[in-house]
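Please keep the sequence and the structure in view while reading.

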Amino acid sequence: MPHTLPSITTALLREWCNGQWLAQAEHEETIEWLAIDSRRIADEVHTLFIALSTSLRDGHTFIADCYNKGVRSFLVSKQVDVASFPGASFILVKDTLTAAQQIATRYRKLFTIPVIGVTGSNGKTIVKEWLYQLLSPSFTTVRSPKSYNSQIGVPLSVWLLEPETQLGIFEAGISQPGEMDKLEHIIRPTIGVFTNAGEAHSEGFLNMRQKINEKLLLFRNAEHLVYCRDHHELNECVSQYVNNIKHYGTEANLKLFTWSQKQDADMRITAVNKKSNQTFIEAAWQQQAISISIPFTDNASVENAIHCWCILLLMGIAQHDIAQRMHTLQPVSMRLELRQGINDCTIINDTYNSDLTSFQIALDYLGQQKQHHHHTVILSDMQQIGKPPAELYDEVANLIGHRSIYRFIGIGPALYKNKSAFRKHKKLRSIFFKTTDEFLKNIHLLTFTNEAVLLKGARAFAFEKISLLLEQKIHQTVLSINLSSLTHNLNVFRAHLLPGVRTMAMVKAFAYGSGTYEIASVLQFSGIDYLSVAYTDEGIMLRKAGVTLPIMVMSPEAIAFDRMIAWKLEPEIYNFRSLQAFTDMAHTLGVLAYPIHIKLDTGMHRLGFMPGEMDDLTAQIADNPHVHIASIFSHLAASDDSAQDEFTLQQAALLEQMAATLTKALTYKPLLHIANSAAIVRHPRLQMDMVRLGLGLYGIDGTGILHDQLRQIGTLKTTIAQVKDIPAGDTIGYNRSAVATTPMRIAVISIGYADGYPRSMGNGNAYVLVQGRQAPTVGIICMDMCMIDITHIPEAKEGDDVIIFSPALPVTLLATWSQTIPYEIMTGISQRVKRVYVNEE
């Protein structure tokens, strides 16, 4: 039976979090959504905006934005001028994060259902997603979206529980002592899974045992705990934990469900056999011989699957049902993929599951694709949601109707039956098909041109068939760009900025090979202040794609000044010739006070005005009504080199001296900037008014200081085209430069110097990764392919992925092999190598 919940109003939430009214609206709205991001609000009327304050951002600065969108309920920790927001309710608390946790804790208490809590060092999200796949046929299930396992992610996850929910699955991650105590109150699991104990996220703990004991607090009121006894320290800590429970008698009577491949346990794994792409697992449980097979062979998947097996047995799922579900277990893709599509389309592929929460996340991401005026959603029936279909699809239709969606294509019998819910939205073009095959047979009647297309389908609908038709056929070598890692790196640098310092991001040279628009769009969404490109055409492309941020052009051509003005691009002015040319064009077009950026040469001796030119520059600027100096800046020559620190400080001092001369003639103060990625952390005093983020954004640390914090955003991979056995004595490749001294097994892979893989990498000077193992190059790198030695990797086969660089094989290592710098490797990746963009948020 569905739970009967009270009406969740702002008055009730105020009571739950012990808040005070700053203002109370006359009409009390029910609250259905909690929001912490003003850009991701689906149902404004029924949303509570939580103004979180962090070291990076203050949510209170976005209250006006939310109000203008229609939000009328706010949770705040600062005084607000409520008169500016008539008709809105404001709840004042000491700390909004704590208040959100208190609200989620009280909300969780309304449900008397089994709840599975998952923690551990690795595999949490996989186990959670697999449990969702395996248990959804038996229970109406809610689980944490993606990796929402933090101090704010957990409250947002628990809020997703609904009256129809029969089972909750939530993961919990911590980084320091004291955090799990708060998450336990919110999740209140009845069943626990401790996946394993590893080194991940250990920085905040004294040692491994402290971290394990802290995580065990999640289960202090649980009835059951599943874990593997083969993790020695975990096993010891759990045993001690249970003994303490029995001794003090203050905790719930926790029952253990253990498994092991090495020692006695509730489930004893007796055999693990890997054949082709399957793993067959046999076990003894309650004096029975039972078995499953899974379509994975890696050890991590085997461990994760056994955890899930134990949970299913514990919850009374019949063994024959378990075996059947395990056999069809699907890989977990925890990220959206952005791919180039046919006819200049952008395809967002998010077909690994289909539920309301992940659908809303995907819609938010679709909304960021400003390069297209038209957005299309292709959605399948949502299965095993637990809501009445009419109610479910009315909610789906409203989610779409609140956004600027041009066309909706529904696939499945339930959507077809409930199409009237979508046709209430008059501006939405909606088309429906009963099956995927019916859609495919009629796809020639539909036009997909220059639009963003979201594919969101349950697995049973085989949307991969649709993606094959809509995605542009691509070269087998692909550069995958992780946009979530880009955002992470931006936040790493933001944490090192002094208060009030602005950020300019360098997206020149195709964003260091990563794709200009896609990178710029994420940076704009993340609140960057300025972008910088090398040439006018790059800036115009961003404007056409919907980027509205200020854009500085670092190498402006005088013949393009008129186009720069037309597209609101701001030129770097570095000599009198460019200043005069721009002034003449502005005069011709009748433009006044146009923003420009003055480049000064403080020792790099590339572009820029010299110190001896400052008096003349000041005179020309002082009476020039056509320009407004937005910033004055210079370029550091060696900020990452400690041996050059004295010169770096001299450059900064000279910039300030030269800028002071110039600003005396102005009635305003331009921004001053000189710090690049390295200087941000090595020379904080040089941050001035703004910093310029370049290679650091892309995960390359030239200082060594942030090496463990930054994430390389790019993964370049190709495939094995052919495998060959080479007899001893035969030669390989051009000029017969490689000789097989013994019988060899080689692979020909689909990448060459025309793709950006340098010829210097040949003849064993580099290696790639095949099946996670190193495979050195053999012979000379060819134009379109090269050869690698896989003699020691017998399982390698044609069609296998080959990693050229990745977070596990960093670009910096390739640069070392090639005796160059990471910039050259990244910007050298050919345009014929297609970019695929993934987002894990």
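**Cysteines and overview**

A search of the whole structure finds 0 disulfides, a disulfide being a pair of cysteine sulfur atoms within 2.5 Å. In general, a disulfide is a covalent bond between the sulfur atoms of two cysteines. This is a predicted model, in which local features need pLDDT of at least 70 and side-chain atom pairs count only at pLDDT 80 or more, while totals for chains, interfaces and linings use all residues. Residues are numbered from 1 along each chain as its sequence is written, and side-chain values use heavy atoms, with hydrogens and water left out.

- Cysteine 228 counts as buried at 2% relative accessibility; buried means under 20% relative accessible area, exposed over 50%, and partly exposed in between, with a 1.4 Å probe and protein chains only.
- Cysteine 786 also counts as buried, at 0% relative accessibility.

- Helices (H or I, at least four residues) and strands (E, at least two) are DSSP runs, numbered from the N terminus.
- Strands of a sheet pair through backbone hydrogen bonds, either parallel or antiparallel.
- β1 pairs with β5 (residues 89–92) in the antiparallel sense over 3 bridges; two strands pair if DSSP finds at least two bridges between them.
- Within this pairing, glutamine 20 stands opposite leucine 92 in β5.

**Strand β23 and its partners**

- Strand β23 (residues 530–533) is covered on both faces: Tyr530 and Ser532 on one side, and Leu531 and Val533 on the other, are all buried.
- Strand β22 (residues 502–506) runs parallel to β23, joined by 3 bridges, and methionine 506 stands opposite serine 532 in β23.
- Strand β24 (residues 551–553) also pairs with β23 in the parallel sense over 3 bridges, and leucine 531 stands opposite isoleucine 551 in β24.
- From β23 the chain crosses through helix α20 (residues 536–544) to β24, and this β-α-β crossover is right-handed: with the strands pointing away from the viewer, the path from the first strand over the helix to the second runs clockwise.

**Serine 526**

- Serine 526 is placed in the loop between α19 (516–525) and β23, and it is buried, with a relative accessible area of 9%.
- Leaving aside neighbours within four places in sequence, serine 526 is in contact (heavy atoms within 4.5 Å) with Arg39, Arg57, Thr487, Leu490 and Arg494.
- Serine 526 and leucine 490 are 36 residues apart in sequence and 8.6 Å apart in space, C-alpha to C-alpha.

**Aromatic pairs**

- The structure holds 15 aromatic pairs; rings of Phe, Tyr and Trp (its six-membered ring) pair if their centres lie within 6.5 Å, and planes under 30 degrees apart count as stacked, over 60 as edge-to-face and the rest as tilted.
- Phenylalanine 85 and phenylalanine 90 have ring centres 5.7 Å apart and planes at 50°, so the pair is tilted; both residues are buried.
- Tryptophan 130 and phenylalanine 296 form another tilted pair, 5.1 Å centre to centre with 35° between the planes.
- This pair links distant parts of the chain, 166 residues apart: tryptophan 130 is in helix α4 (residues 124–135), and phenylalanine 296 is in the loop between β14 (288–294) and α9 (299–314).
- Phe49, Tyr67, Phe74, Phe85 and Phe90 form one aromatic cluster.
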